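I opened this entry to keep track of what I looked up.

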Amino acid sequence: MPPRNDDLHGNAPDDSRVVLVLVDVINGLEFEGADRLLPQALAMADRLAGLAARARRARVPVVYVNDNFGRWRSDFRALLDRCLRGPVRGRPLARRLRPRATDYVVLKTKHSGFYATTLELLLRYLKAETLVLTGLTGDRCVLFTAADAFMRDFKLFVPADGTVSIEPEHNAHALAEMARLLDADLTDSTRLALSRAGVSTRGRAAAARPRSARERPARPARRSHAPAA
């Protein structure tokens, strides 16, 4: 059944098959192991800032899906202000990736961006079919969000250089599982060209490197959700 109104009463005015999703990037990084995550997150932030800028220029919606970090009475503005101005480890990350006025924000309650949130409804009104999923952390919130997106029939791009975890090996494993089980395309963010109609890759792939825990697997052929009989 079609929606009663086209744009959530003006709250979702964009119309795009592609949406860029940033998970938990407004983050104080006040948890165990965050000191090891911060250098990786800052390197990732520079790439994501570039990707988000390209998305905005192409009028591709940018959606921040963010944890409330246990502050159930807080709103996103309060969280952003705390990360930008407070004495928190994640301040440089928030400064590099702070949202723009045209971006969307969804506060999540658990690991997945879809669990008990408005994300699915927002994406439906945006008419999204493909998600470019990035952020923190690859082996937890990005992974859980990707799984829920796959079950909702979204096509997934999870740039291998656009998500990090405390342990790089865990991140590599999570990426491999997203490619194997969720049909996620792991093309680096620097090689993605975004438009409201779709995502394409540009440039030549990097030269072959020695096999390691960080090596990305080839993307499997897209398949149905159900295993073969």
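My notes follow, by topic.

**Helix α1**

I am working from a predicted model. I began with the length of α1, which covers residues 34-57. At 1.5 Å a residue, its 24 residues should span 34 Å. I found the end C-alpha atoms 32 Å apart, which agrees.

Which residues of α1 are buried? I listed Ala34, Leu37, Leu38, Ala41, Leu42, Met44, Ala45, Leu48, Leu51, Ala52 and Ala55. An α-helix has 3.6 residues a turn, so residues three or four places apart point the same way.

I then asked what the buried residues of α1 pack against. The strands are β1 (18-23), β2 (62-67), β4 (130-136), β6 (163-164) and β7 (192-194). Helix α3 (91-97) is also a partner.

I checked what comes after the helix. Arg59 follows α1, and its phi is positive, near 60°.

**Val132**

I picked a residue of strand β4, Val132. Is Val132 buried or exposed? Its relative accessibility is 0%, so Val132 counts as buried.

I listed its contacts, leaving aside neighbours within four places in sequence. Val132 touches Val18, Val19, Leu20 and Val21, among others. Leu51 is also in contact with Val132, and Leu51 is one of the buried residues of α1. The rest of my list reads Phe157, Pro159, Leu192, Leu194 and Val199.

I took one of these contacts further. Leu194 is 62 residues from Val132 in sequence, yet their C-alpha atoms are 9.2 Å apart in space.

**Strand β3**

I turned to β3, residues 104-108. Which residues form its covered face? They are Tyr104, Val106 and Lys108. Val105 and Leu107 make up the uncovered face. I noted the background rule: in a regular strand the side chains alternate between the two faces of the sheet.

β3 runs parallel to β2, with five bridges between them. Val105 in β3 has Tyr64 opposite it.

**Salt bridges**

How many salt bridges does a search of the whole structure find? I got nine.

I checked burial for both: Lys108 is buried, and so is Asp24.

The next pair is Arg96 and Asp46, with their closest N and O atoms 3.2 Å apart. Arg96 is partly exposed, at 35% relative accessible area. Asp46 is partly exposed too, at 47%.

The last pair I noted is Asp81 with Arg85, at 2.5 Å from N to O. Both are in helix α2, residues 76-85. They are four residues apart, which means a separation of about one helical turn. I have Asp81 as partly exposed, with a relative accessible area of 37%. Arg85 comes out at 64%; exposed means over 50%, so Arg85 is exposed.

Technical notes
Residues numbered from 1 in each chain as written. Predicted model: local features only at pLDDT ≥ 70, side-chain atom pairs only at ≥ 80, totals over all residues. Heavy atoms only, no water. Helix = DSSP H or I, 4+ residues; strand = E, 2+ residues; numbered from the N terminus. Expected span 1.5 Å × (residues − 1). Buried < 20%, exposed > 50% of the residue type's maximum accessible area, 1.4 Å probe, protein only. Contact = heavy atoms within 4.5 Å. Pairing = 2+ DSSP bridges. Salt bridge = Lys/Arg side-chain N within 4 Å of Asp/Glu carboxyl O.
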